[in-house]
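Please open the model in your viewer and keep the sequence panel beside it. The stops below say what to select and what is there.

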Amino acid sequence: MKPRQKKFVYIIIALVALGAAVGLVLYALKNNVSLYFTPTQVYNKEAPQGRNFRIGGLVEPGSVKRQNEDLTVHFNITDNTRSMPVIYKGILPDLFKEGKGVVAQGKIEADNLFHAEEVLAKHDENYMPPEAKDALDKAARAKSEAGGAVPAAPATDKKAY
Amino acid sequence: MAINWFKYSAPSTFYGLAGKLVPWFAWPSAILFVIGLYIGFFVAPTDAVQGEAYRIIFIHVPASIMSMFLYLIMAAYAALGLIFNTRLSSMMASALAPTGALFAFISLWTGALWGKPMWGAWWVWDARLTSELILLFLYFGFIALHASIDDPRRADRASALLAILGSVNVPIIYFSVKWWNTLHQGSTVKFTGTSMHVAMQQAMFITLVACWMYAIAMTLARVRSIILERERNTQWVAELPEVRS
């Protein structure tokens, strides 16, 4: 082999080896790299106990209850399998809405409520004018009505929130 | 007719070619920026969820795409320089780095400006944001390493190694939103198409092309300075009209 071919092979080998090493490290740290735990993971005790962590999912429709006298708000975060009751005192982001994505940071206290210190809204990667969204929503409603008693559940895949 | 490509791998010939090419990229870039941003800010419709604030996407997404592509191109040039010992490839890698760093910075900065009103936070240590920050540091590291070694050929080799190894980070940035739970949403522009209204797509595509043109023009202009600096003791530089006067 010519020296330049040798160099080329060395570089490719080094890149592949490094890529594999980084890949394995990231795979091992999967839970640490992820920003939040889903309610199902929390239910299965995969989330840290007695420590701060983030929980992410959709705001369960119909679960948001505000207290009149202060900024305290109760809501449930759900991944459509399990849901986690959350209590938060503070100002919610503009995009916070029932059925939409949310990530909350805090910990589970003795009362089995997730006491959030910070609530972040998560939006999706779809951009469209309001008219297009209305049309899509209407189509989805019509489809679910035609499909029988199945309620229009928000999509369950990760991309939906 | 076969074009002798190797002719232009000599810095002395490439210097002239680059000089001729710069305006052909700089002007279209400026014009396309104006058209793209006009469509983005005035023609594209308001977003159903985010209102007007989403319009920062027309800067944020092209800048992010450019920061990743330019890194790969920089690493490829650095690798060419390392393997074939061609001076010009290494100079091109050095010329690309500041523009790539600029785009990475713009991507992070506009992302923070977008994140505060939409998510409720300027910064979150999620996988997408963190890996993009690492990309910016890789650019800085490349520039700093190159500047810290006096002999330019040795500097080329050392920084080439950093650039090549750092390219592992680029697929991590791209796939981070798929592999892990992140606050950052998934990719709008995918290999299979986009999930976006047509006027929004057009605006984003035009600003992206404008960014490409800008990057090419800046890199060619910068590589000319690098060529002059590195070849300052040669006969051909001394004979250049702009040097003699």
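**A hairpin, its neighbours and a chain contact**

Begin with the hairpin of E5(A) and E6(A), where five residues lie between the strands and Asn112(A) takes a positive phi near 65 degrees. This is a predicted model, in which local features need pLDDT of at least 70 and side-chain atom pairs count only at pLDDT 80 or more, while totals for chains, interfaces and linings use all residues. Residues are numbered from 1 along each chain as its sequence is written, and chains are lettered from A and ligands numbered from 1 in the order in which they are written.

Next, select strand E6 (residues 114-122) of chain A together with E5(A): they run antiparallel and are joined by eight bridges (strands are DSSP runs of at least two residues and helices, H or I, of at least four, numbered from the N terminus; two strands pair if DSSP finds at least two bridges between them). Val102(A) has Ala121(A) as its bridge partner in E6(A).

Strand E5 (residues 101-108) of chain A is largely enclosed by the rest of the structure, because six of its eight residues are buried (20 or more other C-beta atoms, placed from the backbone, within 10 Å of the residue's own).

Finally, show chain B: 32 residues of chain A are in contact with 34 residues of chain B, contact being C-beta atoms, placed from the backbone, within 7 Å. The largest share of chain A's side, eight residues, comes from H1(A).

Key: A residue is buried if 20 or more other C-beta atoms lie within 10 Å of its own, exposed if 12 or fewer, and partly exposed in between; C-beta atoms are placed from the backbone. Two residues are in contact if their C-beta atoms, placed from the backbone, lie within 7 Å.
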